[in-house]
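Here's a quick briefing to read alongside the model.

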Amino acid sequence: HILLKFLYILFYLAQQVNINKLYHFTDKSFKGTLVNGKMAPDWIGVDGQKKVFLFESKGTCNKNVRKKTIEHAKVQLNNVGSIKDTSTNQMYYPQKDSKHVICSCFDAYSGIDKVWNIHDVDPEGKGEVNLTYCATSNRLCENL
């Protein structure tokens with residue numbers, strides 16, 4: 001389960017964002033401060049300019065990820081108040097544009113079965129990026 005989440009997050013990051021380090025939220029390299037309870041996102045990413053990103057990954061083998069699932073992921077992302085890099089004691093305060101719900105589901109595309117869809121859902125707005133991977137041709141589908 002966690003391996004699949006890791007794979008589609010890595011796939012997304014390789015395609016869309018300049019993240020050069022990705023950590024599980026519980027990694028000892030960072031200490032996150034949660035606003036309410038224990039709900040936290042899956043991943044912390046750091047880009048080349050030392051900007052911190054938060055990612056919550058959700059996936060299903062069905063055609064769509066449920067809206068309720070996406071809303072829960074947004075709560076997890078927005079529950080992080082600050083993040084401390086334990087090696088440098090640098091504090092980070094994730095901004096709205098650095099929080100991403102990454103959803104994965106399967107659907108048909110132009111008559112091809114088993115197409116892997118990856119969606120980046122902006123917690124403060126509508127979806128920004130949709131990637132569709134055609135498993136049968138081992139490539140990104142184009143012209144979506």
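This is a predicted model: local features need pLDDT of at least 70, side-chain atom pairs count only at pLDDT 80 or more; totals for chains, interfaces and linings use all residues.

Residues are numbered from 1 along each chain as its sequence is written, and side-chain values use heavy atoms, with hydrogens and water left out.

**The sheet**

- Three strands make an open sheet in the order S2-S5-S6, with antiparallel pairing. Strands here are DSSP runs of E with at least two residues, and helices are runs of H or I with at least four, numbered from the N terminus; two strands pair if DSSP finds at least two bridges between them.
- At the edges sit strand S2 (30-34) and strand S6 (91-92), each pairing on one side only.
- S2 runs antiparallel to strand S5 (residues 80-85), and five bridges join them.
- Across from phenylalanine 30 you'll find aspartate 85 in S5.

**Aromatic pairs**

- There are two aromatic pairs in the structure. Rings of Phe, Tyr and Trp (its six-membered ring) pair if their centres lie within 6.5 Å; planes under 30 degrees apart are stacked, over 60 edge-to-face, and the rest tilted.
- Tyrosine 23 and phenylalanine 30 pair edge-to-face, at 4.9 Å centre to centre and 70° between the planes.
- Phenylalanine 53 and phenylalanine 55 have ring centres 6.3 Å apart and planes at 15°, so this pair is stacked.
- Tyrosine 23 and phenylalanine 30 are both buried. Buried means under 20% relative accessible area, exposed over 50%, and partly exposed in between (1.4 Å probe, protein chains only).
- Phenylalanine 53 is buried at a relative accessible area of 8%, and phenylalanine 55 is buried at 0%.

**Helix H2**

- H2 (residues 67-78) has 12 residues and should span 16 Å at 1.5 Å a residue; its end C-alpha atoms are 17 Å apart, which agrees. The expected span is 1.5 Å times one less than the number of residues.
- Its buried residues are Ile70, Ala73, Lys74, Gln76 and Leu77.
- Looking down the axis of H2, those buried residues fall within an arc of 160°, so they line one face of the helix. The arc is that of the directions from the helix axis to the C-beta atoms.

**Positive phi in loops**

- Most residues other than glycine have a negative phi.
- Lysine 50 isn't a glycine, yet its phi is positive at about 65°; it lies in the loop between strand S3 (43-47) and strand S4 (52-59).
- Asparagine 89 also has a positive phi, near 65°, and is found in the loop between S5 and S6.
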